[in-house]
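User: I would like to go through this structure with you. Could we begin with the enclosed space inside it?

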Amino acid sequence: MSTSYDHVIVGGGMTADAAAKAIHETTPEATILIVSADVDAPYTRPALSKKLWIDPDYTPADNDLGTVEASGAELRLGTMVESIDREARTVTTSDGDTVGYGRLLLATGGSPTALDLPDDDRVVYFRTAADYRRLRELSGDGRHVAVVGGSYIGTEIAAALARNDTRVTLVFPDDVLGGSIFPAPIAATFEKAFEEARVELARGRRVESGTADDAGVHLVLDDGSTLDADAVVVGLGISPDDSLAADAGLDTDDGVVVDERLRTSDPNVFAAGDVADYPDAILGRRRVEHVDNAKSQGAAVGRIMAGSDEVYDHTPYYYSKVFDISYEAVGTLDASLETVLDDKGEGRAVAYYLGDDGVEGVLLWNVEGARDAAREVVRECTPGDVELAGRI
């Protein structure tokens, strides 16, 4: 063993940042090591597909979270943890170092869903600040970028590119953009915003494969048609990076399984953020891939690792912003569920998604300041509650 720390954090995202700062605030004398595969110090991830594209006064330097300065942690970038020895309480890194820990946090996040596309620098699986920088180089000046994916990340990137002198084609499987998650009237409004921004919509299509040559990247779609572009960016979600935990014998199930105090099946090992399968106080066991969860869960697990006896009882919300549309949500958004749509006028609405146990999700469409109310509706409303309009 060459080094040892009170706390070792595997992963360098927003969860790691929040955890390190919470540990330092709770126990300033504790030693902290963050081991990150990223080439950049922790940064605000949502800005990669939002603010950095639309606010000329906001720069990548502004996006840095200042983790080392605020937490006193040592940060090792471009480094992987290859194995965990739970009995010895050590991790082995890709540079051959063996590091001891008092408590270990797995904040490993996830890896982007990949397609059968060439290994080419004009194909970007959008996840990191380096991906943002590369996409900046590939876009603008009227170039054509194909965006694959019609959910949160795909639609945000498509909107960002369209506002930055880029011709955009958005490939997505729904018949209407957003049709799988929004009630039909809202999906129609959502799609219209992209049409008005001159985003070309390849509706009801999936990418089967692709090739690349000097002329660009050529996608083959599932109807046999082809789509030629200068570059391709893929935003199809992530798969949790839980193999390190699984190889160490920890319980995993589409993520690292933790209890209400974010402990794994080993009491000295914790997990939080995108990779954690945790028991939500309102919604039940789940894994959440959004920034509110990363920040709040990271801060909670940091305090717990530093000695707090609290439980993680925060139900996170998630949000998106495209063009002049902002929406937030709590719980499950699934258009196959029965929905109650409460039109508030002036482009504002609340949608309630009904399941067997009552309200399973709430969509706040251009409605601000109502997250707590949405949580209460999901917590309290039973299948017998039929008068939902006006609750929020």
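Analyst: The largest cavity has a volume of about 70 Å³. Please note that the model is a predicted one.

User: How many cavities of 30 Å³ or more does a search of the whole structure find?

Analyst: The search finds one cavity of 30 Å³ or more.

User: Which residues line the largest cavity?

Analyst: The lining consists of Ser49, Lys50, Ile54, Glu156, Ala159, Ala160, Arg163, Lys321, Val322 and Phe323. By class, five of these residues are nonpolar, one is polar and four are charged.

User: Which element gives the most to that lining?

Analyst: Helix α5 gives the most, with three residues. Both α5 (152–162) and β21 supply at least two residues each.

User: Let us stay with β21. Which of its side chains are buried?

Analyst: Strand β21 (residues 318–322) shows an alternating pattern.

User: What is the strand order of the open sheet?

Analyst: The five strands follow the order β21-β22-β25-β24-β23, with antiparallel pairing. At the edges are β21 and β23 (338–345), each of which pairs on one side only. On average, neighbouring strands of this sheet are turned by 15 degrees against each other, direction ignored.

User: How many bridges join β24 to β25?

Analyst: Seven bridges join β24 (residues 348–355) to β25 (residues 358–365), and the two strands run antiparallel. One of the bridge pairs is Gly355 with Gly358 of β25.

User: Changing topic: how many salt bridges does the structure hold?

Analyst: The structure holds 28 salt bridges.

User: Start with Arg371, please. Which residue is its partner?

Analyst: Arg371 forms a salt bridge with Glu328, and their closest N and O atoms are 3.1 Å apart. This pair links distant parts of the chain, since Arg371 belongs to helix α9 (residues 371–380) and Glu328 to strand β22 (residues 325–331), 43 residues apart.

User: Are those two side chains buried or exposed?

Analyst: Arg371 is partly exposed, with a relative accessible area of 32%. Glu328 is buried, at 14%.

User: What about the pair of Glu196 and Lys192: how far apart are they in helix α6?

Analyst: Glu196 and Lys192 are four residues apart in helix α6 (residues 184–196), so about one helical turn separates them. Their side chains meet in a salt bridge at 4.0 Å, N to O. Glu196 counts as exposed because its relative accessibility is 59%, while Lys192, at 46%, counts as partly exposed.

User: And Arg287, which residue does it bridge to?

Analyst: Arg287 forms a salt bridge with Asp254, with 3.6 Å between the closest N and O atoms. Arg287 lies in the loop between β20 (284–286) and α8 (291–305), and Asp254 in the loop between α7 (243–247) and β17 (256–257), so the pair ties together parts that are 33 residues apart in sequence. Arg287 counts as buried, at 19% relative accessibility.

User: Finally, why is β19 described as largely enclosed?

Analyst: Strand β19 (residues 276–280) is largely enclosed by the rest of the structure because four of its five residues are buried. It pairs in the parallel sense with β17 over two bridges, where Val256 stands opposite Ala276 of β19. With β20, β19 pairs in the antiparallel sense over three bridges; there Pro279 stands opposite Arg285 of β20. A hairpin of three residues joins β19 to β20.

Technical notes: Residues numbered from 1 in each chain as written. Predicted model: local features only at pLDDT ≥ 70, side-chain atom pairs only at ≥ 80, totals over all residues. Heavy atoms only, no water. Buried < 20%, exposed > 50% of the residue type's maximum accessible area, 1.4 Å probe, protein only. 1 Å grid on protein atoms, 1.4 Å probe; cavity = no way out; pocket = protein on both sides within 12 Å on 5 of 7 lines; lining within 4 Å. Points joined across faces, edges and corners; volume = space filled by probe spheres on them. Nonpolar A, V, L, I, M, F, W, Y, C, P; charged D, E, K, R; others polar. Pairing = 2+ DSSP bridges. Axes fitted to C-alpha atoms, helices over the stretch in contact; angles between N-to-C directions.
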